[in-house]
Amino acid sequence: MKEQKFNKIVTEHSELIKRICRYYNSNIQDQQDMYQEILINIWKSLDKFRGDSKLSTYIYRIAVNVSITFSSKSFKHSKLYINADTENIDRLIDEPEEDAVEKEKQIQQLHTALNTLSVIDKALISLVLEALTMKEIANIIGITESNVKVKIHRIKTHLKEELAR
């Protein structure tokens, strides 16, 4: 039964887990190692999942925690990696440019600004890029929904200021 449930999780959530790995590491080998570590942690903790939240929320929590830990023993130095084809990049850039060169420039600036954020802010932004609701993000991070909204608003304001420079 556990093996069937695990196989279903891997089948249905594989791309989600891989995206989280790509956010936290640009090296393909490290991404693959992180992916495996996440799967191991899901397997180990699957019996503990009580169903208090959606399964995808539980998987996000494991993936984000493993990715942060894996990326750096010093959380302050963990980085987020985004690129032009990041699915929900427009959630951070309010006015997407039609000009590909200008958009690439904005993404590079955004990438630099993102990596000045604290580890919790990086985790929040990676979940925003996943198009999760505020409630889902709150469940994953372990803070209140209103706190998530405030933090995301402040992060976006900070990012806009950085991009304006």
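Is Gln31 buried or exposed, and at what relative accessibility? At 15% relative accessibility, Gln31 counts as buried, where buried means under 20% relative accessible area, exposed over 50% and partly exposed in between (1.4 Å probe, protein chains only).

The structure is a predicted model, in which local features need pLDDT of at least 70 and side-chain atom pairs count only at pLDDT 80 or more, while totals for chains, interfaces and linings use all residues. Residues are numbered from 1 along each chain as its sequence is written, and side-chain values use heavy atoms, with hydrogens and water left out.

View 1. Gln31 belongs to helix 2, residues 28–45; helices (H or I, at least four residues) and strands (E, at least two) are DSSP runs, numbered from the N terminus. Leaving aside residues up to four places away in sequence, Gln31 touches Cys21, Arg22, Asn25 and Ser26, a contact being heavy atoms within 4.5 Å.

**View 2. The bend in helix 1.** Helix 1 (residues 2–24) bends by about 65° at His13; the bend at a residue is the angle between axes fitted to the seven residues ending there and the seven starting there. Between its end C-alpha atoms, helix 1 spans only 29 Å, whereas a straight helix of 23 residues would span 33 Å at 1.5 Å a residue. That expected span is 1.5 Å times one less than the number of residues.

**View 3. Buried residues of helix 1.** His13 is among the buried residues of helix 1, which also include Phe6, Ile9, Leu16, Ile17 and Cys21. The cover over the buried residues of helix 1 includes helix 2, helix 3 (55–71) and helix 5 (119–129).

**View 4. Salt bridge between Lys54 and Glu136.** The structure holds seven salt bridges, each defined as a side-chain nitrogen of Lys or Arg within 4 Å of a carboxyl oxygen of Asp or Glu. In the pair of Lys54 and Glu136, the closest N and O atoms are 2.4 Å apart. This pair links distant parts of the chain, 82 residues apart: Lys54 lies in the loop between helix 2 and helix 3, and Glu136 in helix 6 (residues 134–141). Lys54 is partly exposed, at a relative accessible area of 48%, whereas Glu136 is buried at 14% relative accessibility.

**View 5. Salt bridge between Lys149 and Glu145.** The closest N and O atoms of Lys149 and Glu145 are 3.9 Å apart. Lys149 and Glu145 are separated by about one helical turn because they stand four residues apart in helix 7 (residues 145–164).
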